[in-house]
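Welcome, and please open your viewer.

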Amino acid sequence: MTASRLCIFCLAAAFFGGATPALAQESTAPALALTLNSQETTEAGGCRLTFVLRNDLGAALERLVAEAVLFDAAGRVASLTLFDFGALPEGRPRVRQFDLTGQGCDGISGVLINGIGACDGAGIAPGACLAALRLSSDTGIEVTG
C-alpha cells in the first residue's frame, strides 16, 4: 500500500471514528417523543387518535398535558382541546388514545401542539417538556408544534 493510500485510509478512519462520539451525544439528549400512530373512525362517527409517547427526559413524568389545536381539511382551526397523557415512566414507551366526539377523522388535517399545560415530575425543570418535544405522525394528519 502506498503512503498516499495509507493516508487516505487514515483520514477516513479518523473522520468516521470522530463522528461516533457526536452521534452518541445526540442520542443521549433529553427528548420527549410524541407520535400520532393511528387514526380511526369510532362507531359514533367521531375520531380516535392513538399516540405513542416515549419519555427520555431522565426522570419519570407524573403528568403531561398538551394544549392541542385541531385544524379542519381547509386548514382552519376546528377546535382547541387538552390531551392529558397522564404519567409517563422514563425510558419506556406508552400508548394513549383520545376519542374526539363529533369530529370525523377525515375532517382533521393537522394537530398543533400549542403548548404544554402540565409537565410534572421530580427534577423536571419548567419548560423541559416543551424544549425536548419531538413530534411526528405515522398518519395523514400532520402533527406540528
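Colour the chain by secondary structure and follow it from the N terminus: the elements run α-β-β-β-β-β-β-α-β-β, giving two helices and eight strands. Helices (H or I, at least four residues) and strands (E, at least two) are DSSP runs, numbered from the N terminus. This is a predicted model, in which local features need pLDDT of at least 70 and side-chain atom pairs count only at pLDDT 80 or more, while totals for chains, interfaces and linings use all residues. Residues are numbered from 1 along each chain as its sequence is written, and side-chain values use heavy atoms, with hydrogens and water left out.

Next, select S4, S3, S6 and S8, which in that order form an open sheet with mixed pairing; two strands pair if DSSP finds at least two bridges between them. S4 and S8 (142-144) stand at the edges with a single partner strand each, so one side of each has no neighbour in the sheet. Zoom in on S3 and S4: they run antiparallel, joined by nine bridges. Here Val-69 stands opposite Leu-80 in S4.

Finally, which residues does Phe-83 touch? Leaving out residues up to four places away in sequence, its contacts (heavy atoms within 4.5 Å) include Leu-49, Phe-51, Phe-98 and Val-111.
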